[in-house]
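Hi,

Here is the structure I promised to pass on. Have a look at it first, and then read my notes below.

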Amino acid sequence: MSVGLPGSVEPTRSPLEVRAGLVGVAVLRLTIGLVWMSEAYWKFPPEFGVLRRWVERPLEFPVFEPYNWVVEHIILPNFTLFGWTVFLAEAALAAFLLIGLATRLWALVGMVMTVPIIFSVINYHVTAADGTTLGEWSWAYYMMLAIHAALLGTAGGRAYGLDGVLRPHWKASSGRLAGLLARVS
């Protein structure tokens, strides 16, 4: 009997069901890794693409006043440093999620990185000349949060990723780094 909802008993899962679950988690991890790769691609340094325009969006279409203050007084005056930080973080997110290494850590980083994106796009709506409303579909970013939460909760790198291959070695080691890697995998 497994632990679940009070009074519930989970039937034994077949190897095929277990494998299908692992494949599903791996597909989520690879998909969100590719999303971050595409995000990093259009922010390529030293110009950082249209990143500045998107960072300024909350000032034009406010969502959360403390975030707007951070954008105006911290991010924009230090935009080059910010641009490099965002580019490197998104490239690292893509790389680590694609290979499934330290996935729980990178899933948490992905959640943190997604929140300001939501603040940048949630109220961005422009009416075109023909009367149609243009803007970002904010639900895409809520789904990004959900995917990262799923990877965090399922330890997504253990599903056909390097975490699954290396974690037994990290757990068997007495070193601090190995212990840390075992916890974030």
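**What I found**

Among the elements of the protein chain, H4 has the highest mean pLDDT (97), while strand E1 (residues 125–127) has the lowest (67). pLDDT is the predictor's confidence in each residue, from 0 to 100. Helices (H or I, at least four residues) and strands (E, at least two) are DSSP runs, numbered from the N terminus. Over the protein chain pLDDT averages 90, and 91% of the residues score at least 70.

Some ground rules: this is a predicted model, where local features need pLDDT of at least 70 and side-chain atom pairs count only at pLDDT 80 or more, while totals for chains, interfaces and linings use all residues. Residues are numbered from 1 along each chain as its sequence is written, and side-chain values use heavy atoms, with hydrogens and water left out.

The protein chain has eight helices and two strands, running α-α-α-α-α-β-β-α-α-α from the N terminus. Of its 185 residues, 35% count as buried (under 20% relative accessible area, with a 1.4 Å probe and protein chains only).

Now the inside. A nonpolar core is a set of buried Ala, Val, Leu, Ile, Met, Phe, Trp, Tyr and Cys residues joined through side-chain atoms within 4.5 Å. The largest one has 25 residues, and Trp36, Leu93 and Trp106 are among those with the most contacts inside it. Helix H1 (15–41), H4, H5 and helix H6 (139–154) each give two or more residues to this core, and H5 gives the most, with six. Leaving aside neighbours within four places in sequence, Leu93 is in contact (heavy atoms within 4.5 Å) with Trp36, Trp106, Val109, Gly110 and Met113. A second, separate core of nine residues includes Phe48 and Phe79.

Tyr160 is 135 residues from Val25 in sequence, yet their C-alpha atoms are 8.9 Å apart in space. Not counting residues up to four places away in sequence, Tyr160 touches Arg19, Leu22, Val23, Ala26 and Arg29.

One last thing to find: which residues lie nearest the centre of the largest pocket? They are Lys43, Leu51, Pro116, Ile117 and Ser120, out of 19 lining residues. A pocket is an open set of points on a 1 Å grid over the protein atoms alone, where a 1.4 Å probe fits, with protein on both sides within 12 Å along at least five of seven lines; lining residues have an atom within 4 Å of a point. H5 provides the largest share of that lining, six residues.

Cheers

Notes
Buried means under 20% relative accessible area, exposed over 50%, partly exposed in between (1.4 Å probe, protein chains only).
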